[in-house]
Each structure stands twice: as structure tokens, then as C-alpha cells.
Amino acid sequence: MAELQTSQKQTNMGYKQELKRSLTFWDLLIYGLVFMVPIAPFGIYGAVAQGSNGMVALAYLIGMVGMIFTALSYARMSEAFPIAGSVYAYAQRGINDSVGFIAGWLILLDYIFVPALLYLVSAAALHDIVPSIPLIVWLVIFITINTVVNVLGIEFTAKANKIIVVAEMIVLVIFVAVGIFAVIKGVNGAEFTWKPLYDSDNFSMGMIMGAVSIAVLSFLGFDAISTLAEESKGGSKAIGNAIIFSLLIVGVLFIIQTWVAALIWPDYTSFENADVAFYQIAEIAGGPWLKWMTIIATAVAWGIADALVAQAAISRILYSMARDRKLPKILAKVHPKFKTPYVSTLLVAVISLIVTSFFASQIGALASVVNFGALSAFLFLHASVIIYFIKKQKSKQYFKHLVLPLIGFLIIGYVWISLDPLSKQLGFIWLGIGIVYLILLKVFKKDTSLDLD
């Protein structure tokens, strides 16, 4: 019944059902977990630890709280508009067509560059292990595998996700268990302390929010569940529930693993190389075998698992915008057999290869661009909830439709302000290109605006 009601809402908004509805709540939940990567802090632990003066668990806790308010806004809008397109569709329907395009353009900056970032980080890690294999070979292998899996169908992707998330959880459990045992033994001077969560001697809100702006990269992905709205068979509420629960689960996992790591290596100023700090900690806790296990797990989790779902998400954003005539129509083509937006998927593969080649030695710059796109789009999301429900629908549920999204807007806004200057420079360049493109779109294609009344 819920599935029929959701499909009817989609039909009422002028869209026909083209994608295959096959995903359950659990499929969506696992999709979100895989996208956020339960072991995501492995790769950026050093930067967050140094940026937070050792209060790495606090940085992830604040990040989780901020993202919860954003997740609630996604839940509200996914129930109102159960269609693919994520924040593009929500801002478009909640505010207006032009704002929707700008929001979609900004989230493209996140989703288009995320697969490239993940491929690059993973390929670089494996290249260090096996330097005889060129970086480009690893990139081609990762991109080819994920493109084939995504074209074959969302069900195939979902099955792959389940296997991958189980493997990640096994690695995480092993690290935490070995780490706790190392703390009990006092390895490297380890002892239990609350300092990873709060250290009064080194606390500064501005400093912590700067670290949060880095840590938030680990949370990006819960929102991608909303791009699968037209492939969910659990009704519109399944999307919102999966977004919220996946965020809570992964947030707790982030806090636990970073707390344990901070206890094993309390002097966050003495990392030999912050980029591989977590692997050094793993080696101290359990030996070389644990170090290599965490390195390989990170490479596979980011390069295969995370990039797999990232590519699926962006292909559906492109599909949605092309269906609304905001991008070339060919991007809305659906494979006749697999019922997937295969042209968009192939385009993402090509873009990923180009971007990884360009940013091969500038991973930090690429990560900055991703964060700008995501956080900027989240601001539009919160505004969409307020404008749609309070202004357009005349809702009297002020706590649900005004207070909560307003808090989310302020938290995300604070984190956005804390972004580094480079991310803002590159982000505003992208935004400027989008505005020019929108103007040209309106000048030369007067029929692109949708009737959203």
C-alpha cells in the first residue's frame, strides 16, 4: 500500500515510473552505511585529531548532531516529494525552479567529485603498497568495476553493498577489540581518559568547528539515500527512516573508533605523517598485520564500496535533472533491461577518470570542493523545509517545520563558515558557472521551467 501511495504521488507530480522499485528499508540503510563508510575515520584521522587538539571524538559527535538535523530535513522533504533528485528536487518543489537548479548544481559538486576523490585516495594507498603498478591502472580497475556493477542494476549494487558492509564491520570490530586490549595493557602509555571527548585546557569552539569541517566529510553520503526514492518499495517514510538510522549508527561507530585511537596515541602533535596516522596507531595496537588490514580495508571501502554507491547517487541526480530538461536529455535514458540510468552512469565514470588525472597530486583541494558543495546544498535543504511547509503549506507544526530546520541551518552555516579559503574559492567559481548556465538555459530554452503549483 505504501509503495502504491508513493508511486501515485510521483505520478501526480508529472513523472512516470521508469526505475525499478526493488529496495527495502534494509537495502536503503545498508546503502547509507556503505556510502558513509563505517571505517571512514581511518583515512582522515590525523587531520581531525590535529585540528581538534586531540578532541577527535568531540569533532565527530558535533558533526553527527549537526547532520541529524539535516537528516530530519531530508526525511520531511522525502515524504513530501518521493522522487529521485535529492536536494535538487526538494529545493525545486519547496522553493522554486531556479533555486532548485542552483541547489542541484551545488550537490553535483559534491556527488560528481566524491567518486573521483574516493578512487584517488584508494588508488594512492594501493600504489604505495605495490608501487610497480601505476596509479592510473588502479584508477581504471576501480572505475570499471563500479561502472559495470551500477549498470547491471540497483539490486546488484545492493547485494554488493551487503557483502562490503559486513567486511568493513569485521575489520572495525577487530580494531576496536585489539585497541581496547592495548589500552588495558597500557601500550604506548595508553590509559582511559575523557580528553578525546573534551579537554578543557585545549578547548576552543572555533578550533573544534574547524576540525568538524574536516570530519564532516566522513558523514557525507546519508543524503544519497534520497536519490533512490523512485527505487524504494517501502514507501516515502522508508527513505527518511533509513537516512536517520544510518546516520545515527555510523556516528556512534565513528566516535568509538576515534576515541580508542586517541587513547592509544594521546600525543596528537607527534604523528610522523598525519595522512597515515591511523595506520601507525593500528600497528602500535596490534602489530604490522593490523596496520595492513586497516590500509587494505580503507582502500577497498573507499575505492569500491563508497565509490560504488556514490556513482549510483550522482547518476540519479543527473537523470532527474535531465528528465526536467535542465541537462542534456540523453542523461535521462534508462537501460531497457536493467532499468538503470546507464548513460549518466557511464558519464560519471568518464568524469571520474578525468578529474582523478587532474587532481592526482591535489587530494586536499578535491576534498575541499566536495565539502563546499555538500554543505551549501544542505543550507538550501533546510530553507526548503521552512519555505515549503510554513509558507506554502501553512503548517502550524512550528517545532517540526521551523525550529528543527532552523537549528540545522545555523549549525551547517557555522561549519560552512569554518571551511578553508581554498574550498570557498573553488566552490564560488563552480557556483558562478552554474548561475551563468542557468541564465543561458532560460534565454535559449524558455520551456524548461516546470509547473510546480
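Is Trp26 buried or exposed, and what is its relative accessibility? In this predicted model, Trp26 counts as exposed because its relative accessibility is 57%, and the cut-off for that class is over 50%.

**Aromatic pairs**

A search of the whole structure finds 27 aromatic pairs. One of them joins Phe25 and Trp26 in an edge-to-face arrangement, with 5.2 Å from centre to centre and 75° between the planes. Phe25 counts as partly exposed, at 23% relative accessibility.

Another pair is formed by Phe372 and Phe428; their ring centres are 5.4 Å apart and their planes lie at 70°, so this pair is edge-to-face. The planes meet the cut-off of over 60 degrees for that class. Phe372 belongs to helix H14 (residues 363–392) and Phe428 to helix H16 (residues 421–444), so the contact ties together parts that are 56 residues apart in sequence.

**Accessibility of the paired residues**

The table lists the residues of these two pairs.

| Residue | Relative accessibility | Class |
|---|---|---|
| Phe25 | 23% | partly exposed |
| Trp26 | 57% | exposed |
| Phe372 | 1% | buried |
| Phe428 | 44% | partly exposed |

**Cluster and charge over a ring**

Ring pairs also link a cluster made up of Phe42, Tyr45, Phe175, Trp265, Phe271 and Phe278. A contact of another kind involves Lys291, which lies over the face of Trp292 at 5.1 Å from the ring centre.

How values were computed
Residues numbered from 1 in each chain as written. Predicted model: local features only at pLDDT ≥ 70, side-chain atom pairs only at ≥ 80, totals over all residues. Heavy atoms only, no water. Phe/Tyr/Trp six-rings, centres within 6.5 Å; stacked < 30°, edge-to-face > 60°. Buried < 20%, exposed > 50% of the residue type's maximum accessible area, 1.4 Å probe, protein only. Helix = DSSP H or I, 4+ residues; strand = E, 2+ residues; numbered from the N terminus. Lys NZ or Arg CZ within 6 Å of the ring centre and 35° of its normal.
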